[in-house]
There are 2 protein chains.
Amino acid sequence: MANKSYEQYCPVALTLDAIGDRWTLLIVRELLNGPQRYSDLQTSLPGIPPNLLASRLRDLESDGLVERQTLPPPAARTVFALTADGRDLERVVRSLGRWGLRRLPPPEDDGDVEPGMAVRSGLLTFAQPRLADGGDRTWVVIFGDEPYTLFLESGRVRTQRGRVERADVVARIRPAALLRHRVAGEKGARRSRPPVTFLEGSEEKVAEFERVFDLAAPAPSAVTTPR
Amino acid sequence: MANKSYEQYCPVALTLDAIGDRWTLLIVRELLNGPQRYSDLQTSLPGIPPNLLASRLRDLESDGLVERQTLPPPAARTVFALTADGRDLERVVRSLGRWGLRRLPPPEDDGDVEPGMAVRSGLLTFAQPRLADGGDRTWVVIFGDEPYTLFLESGRVRTQRGRVERADVVARIRPAALLRHRVAGEKGARRSRPPVTFLEGSEEKVAEFERVFDLAAPAPSAVTTPR
DNA sequence: CCGAATCCTTATTGATACTG
DNA sequence: CAGTATCAATAAGGATTCGG
């Protein structure tokens, strides 16, 4: 019930009716990392007024993009999670991220780069699941000291905070260095070899990971990013 | 100078800083069809207050997404055109369109469907240039009585209002029927054979056109849309 | 502490009228 | 035609408070 509809028979306008309000897409962006509590959202969206956050969540809920889940009694708390329709906005968020990446100034240091942002903008944005050898995969990446698990399942990559026991690859990545690589490397030559240290994983699995996330060392000649 | 920045070091937030204001992305959507005059924009964006349109165009211009071009003296008028950066927003607009398409109610009749919308949502959204046989192509599609030309150039599809003399294919498409096909056919079975009549073009060129724009007749078994 | 609701101020939008 | 100017209606921002 926030903004008025554009009242146009057009899918773009319709989408903007749903998620075009200020802050809304950033809330979706956060929820793409998995269900979050109200206060999680408040901290990852610095500056959002609490009434707006509540209002946006209500709008998203009544629009079928977010659902409110109450965790079991012991620690009964509410989390907000995307519905299937909401998760489908991932493409939208990614395309926004990809466009913005080339305008983003390179980060100074790791303090500038939230781990969630590093996963999305440094890895997911560039993921090409088709370049995997086939079958499902589980990868763990550790940003600073925050681990994320990436699942390749039926051709799509999904992330989750935290790490699982067994993974095909475990890698440590320095967030700022990764972002610098992406910002600078969006088009044209790569300056530096990407800042990834592999802690676990066979040689083939590591190579596959580098392929899927476009992290391979710079080729001697000009590289055209396939699309 | 419209909305305040989110002040987040994140490419998504940065993009929304640039194009997150109300009406802005709809202006970009229109300009993706080619340069437009102020009054063209007013008519294709019913309801936009003139001061907002002027203000948004100024913002877009100062952000390097739009440039103001003055046509040669005879009929000296100003048109607004996307810069290269602005055109790169096409992916964003497409992803929004694709998401919204499944929420869009099927059109009643051709009067509901603007030709520009039909080109974007009915054709461009589904374009897979890689399925062409290679080389450049020129296709003319006529919606109702409004012709559009689609150019396949170096792997990308570009549109232009009006038609050119020589084309590889000339097709007449009924806008509402096309949209009904897309809305219903987004996932799962196609109901009807797409409403395209070919006026010119060799058999191979027609087949290629159908392939590139995912307009082939429904397959007997379940169709999985490749991606 | 979590998940908001309330209150108030400021900024943006929308509608309409008007001008070079 | 291509915008500006004006002004009322809304939405956002920020601080504080409140109930579980």
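**Overview of chain A.** Of the contacts in chain A with a separation of 6 or more, 61% are made by residues 24 or more positions apart, where contact means heavy atoms within 4.5 Å. This is a predicted model, in which local features need pLDDT of at least 70 and side-chain atom pairs count only at pLDDT 80 or more, while totals for chains, interfaces and linings use all residues. Residues are numbered from 1 along each chain as its sequence is written, chains are lettered from A in the order in which they are written, and side-chain values use heavy atoms, with hydrogens and water left out. Chain A holds 9 helices and 7 strands; these are DSSP runs numbered from the N terminus (helices H or I, at least four residues; strands E, at least two). Among its 227 residues, 47% are buried (under 20% relative accessible area; exposed is over 50% and partly exposed in between, with a 1.4 Å probe and protein chains only). The chain exposes about 11100 Å², with 48% of it from carbon and sulfur atoms (Shrake-Rupley method, 1.4 Å probe).

**Close-up 1: helix H7 of chain A.** Here we look at residues 115-123, where 9 of the 9 residues are buried, so the helix is largely enclosed by the rest of the structure. Among the buried residues to look for are Pro115(A), Met117(A), Arg120(A) and Leu123(A).

**Close-up 2: helix H1 of chain A against helix H2 of chain B.** Two packed helices are described by the angle between their axes and the distance between the axes. For H1(A) (residues 11-19) and H2(B) (residues 24-31), the angle is about 165° and the axes are 10 Å apart (axes are lines fitted to C-alpha atoms over the stretch in contact, and angles run from 0 to 180 degrees between N-to-C directions). That makes H1(A) roughly antiparallel to H2(B), a term for angles over 145 degrees. On the H1(A) side, Val12(A), Ala13(A) and Leu16(A) meet Leu25(B), Leu26(B) and Arg29(B) of H2(B). The residues of this contact divide into 5 nonpolar, no polar and 1 charged (Ala, Val, Leu, Ile, Met, Phe, Trp, Tyr, Cys and Pro count as nonpolar, Asp, Glu, Lys and Arg as charged, and the others, Gly among them, as polar).

Close-up 3: Most residues other than glycine have a negative phi. Ser154(A) has a phi near 45° and sits in the loop between strands S4 (146-153) and S5 (156-161) of chain A. At 68% relative accessibility, Ser154(A) counts as exposed. Asp214(A), with a phi of about 55°, lies in the segment after helix H9 (203-212) of chain A. Asp214(A) is buried, with a relative accessible area of 18%.

How values were computed: Angles under 35 degrees count as roughly parallel, over 145 as roughly antiparallel, 65 to 115 as roughly perpendicular and the rest as oblique.
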